[in-house]
Amino acid sequence: MKTSTLKKLIGTTVASLSLISMSSFPAMAGQLHNEWNYGIDSFSDGSGGESYNIRGIALKETTDSILVALTGGMPIAGVTNSGAMDKNIGWGDLFLNFTNKNFTTASSQRSLFGVRFAGTNDSKVTTTGLYGNVQGASVTGVNHGYSSLQQYYNSGFDKANTQGTDLATKAAAYTYFGQGTILNVIDSGANQLGSIQSLTSTELKNQGLDFGFFNATGSQTLGFSFKKGDLGLADGNYDYMASIFVECGNDGVALKGGVSVPEPGSLAGLALVGLTLLGGSRLYKSH
Ligand SMILES: [Ca+2]
Ligand SMILES: [Ca+2]
Ligand SMILES: [Ca+2]
């Protein structure tokens with residue numbers, strides 16, 4: 001009797017812990033380290049060399065904001081390239097997909113969010129900022145780039161983690177993005193929802209960012225933040241897929257994770273309960 005009661009109690013505790021981890025920390029497919037969720041990209045899939053190579057993406061959630069960091073060889077203002085119409089190839093825009101649908105579906109339904117953070121890129125929206133009602137558009141053609149994702153993969157870049165650790169295979173990338181045109185900027189029909197704040201590598205480091213933990217630090221590390229409230233989403237926990245390509249489609253990376261919107265206090269409360277229970281179970285184990 002005693003044993004079964006104990007088993008029942010342990011079972012209940014485990015169930016509570018699972019429930020807590022499910023509700024307050026939505027499925028994190030990326031790799032968590034010091035509050036940042038990381039997606040580490042292949043280091044050898046930047047077509048054209050290190051200037052076009054992305055090494056990683058990371059996302060951190062605070063009470064009211066989302067911070068995004070990128071590292072690799074591409075500077076925020078892009079690099080000179082005579083093959084591009086504007087003689088410059090830079091970052092595309094960042095897409096955030098909270099729909100749990102693939103990119104192409106969410107894009108055609110205009111249910112993506114997007115961030116233009118590179119002020120000199122070929123985005124179809126005129127200013128940097130956070131955008132909603134977003135459909136993807138392609139600027140690979142005017143940036144000396146790939147006409148399709150299939151053409152990129154067929155050019156020798158079918159490697160492990162070519163869209164980061166969360167879309168690790170070509171099949172996973174095709175399922176999410178399709179194998180056709182690489183949609184890499186926000187289209188002109190999107191609505192601006194808010195502004196973004198640029199973050200330097202030093203500011204990101206002060207926020208705990210550490211691509212070095214994964215030996216993934218590129219020569220360029222940059223980022224930005226925006227207010228969660230500007231997304232205009234109903235309160236709740238959301239799974240996201242974040243993704244970005246450079247303007248030519250020569251490299252891209254995706255990151256899967258979860259955020260709470262806008263969630264001011266209850267997350268901390270649940271985390272505290274979780275810690276207390278974990279602490280209790282540790283004490284129990286040591287006896
Ligand atoms: Ca890469
Ligand atoms: Ca360009
Ligand atoms: Ca890549």
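What is the volume of the largest cavity?

**View 1. The largest cavity of the predicted model and the residues that line it.** A search of the whole structure finds 1 cavity of 30 Å³ or more, and the volume of the largest cavity is about 50 Å³. Its lining is made up of Phe 103, Leu 149 and Phe 177, together with Gly 178, Gly 180, Thr 181, Ile 182, Leu 183 and Phe 245. Sorted by class, these lining residues comprise 6 nonpolar and 3 polar ones, while charged residues are absent.

View 2. Distant parts of the chain are linked here, since Asp 41 belongs to the loop between β2 (36–40) and β3 (54–61), whereas Asp 251 belongs to the loop between β15 (236–245) and β16 (252–261), 210 residues apart.

**View 3. The site of the calcium ion (ligand 3), joined to that of the calcium ion (ligand 1) through Asp 41.** The donors of the calcium ion (ligand 3) are Asp 41 (OD), Asp 41 (OD), Asp 45 (OD), Thr 162 (O), Asp 251 (OD) and Gly 252 (O), at 2.1 to 2.6 Å. Asp 41 bridges this ion and the calcium ion (ligand 1), and the two ions lie 3.8 Å apart. The site of the calcium ion (ligand 3) is irregular, with angles of 52 to 168° among its 6 donor atoms. In sequence, its donor residues are spaced D-x3-D-x116-T-x88-D-G. Thr 162, in the loop between α3 and α4 (170–177), and Asp 251, in the loop between β15 and β16, are 89 residues apart, and this pair links distant parts of the chain.

**View 4. The site of the calcium ion (ligand 2), with an irregular arrangement of donors.** The calcium ion (ligand 2) is coordinated at 2.3 to 2.8 Å by Asp 86 (OD), Asp 86 (OD), Asn 88 (O), Asp 122 (OD), Asn 143 (OD1) and Glu 247 (OE). Its 6 donor atoms subtend angles of 49 to 164°, which makes the arrangement irregular. The spacing of the donors along the chain is D-x1-N-x33-D-x20-N-x103-E. Among them, Asn 88 in strand β6 (residues 88–89) and Asn 143 in the loop between β10 (136–137) and α3 (149–157) link distant parts of the chain, 55 residues apart.

**View 5. Two stretches of the chain with pLDDT under 50, residues 1–27 and residues 280–287.** The mean pLDDT of the chain is 88, and 82% of its residues reach 70 or more. Over residues 1–27, however, pLDDT stays under 50, and the model has 26 contacts beyond four places in sequence for this stretch. Residues 280–287 also have pLDDT below 50, with 2 contacts in the model beyond near neighbours in sequence. Where pLDDT is low, predicted coordinates should not be read in detail.

Definitions and conventions
Residues numbered from 1 in each chain as written. Chains lettered and ligands numbered in written order. Predicted model: local features only at pLDDT ≥ 70, side-chain atom pairs only at ≥ 80, totals over all residues. Heavy atoms only, no water. pLDDT = per-residue confidence, 0-100. Contact = heavy atoms within 4.5 Å. 1 Å grid on protein atoms, 1.4 Å probe; cavity = no way out; pocket = protein on both sides within 12 Å on 5 of 7 lines; lining within 4 Å. Points joined across faces, edges and corners; volume = space filled by probe spheres on them. Nonpolar A, V, L, I, M, F, W, Y, C, P; charged D, E, K, R; others polar. Donors = N, O, S within 2.8 Å, 3.2 Å for Na, K, Ca; no water. Tetrahedral: all angles 85-135°; square planar, octahedral: opposite > 155°, others 65-115°. Helix = DSSP H or I, 4+ residues; strand = E, 2+ residues; numbered from the N terminus.
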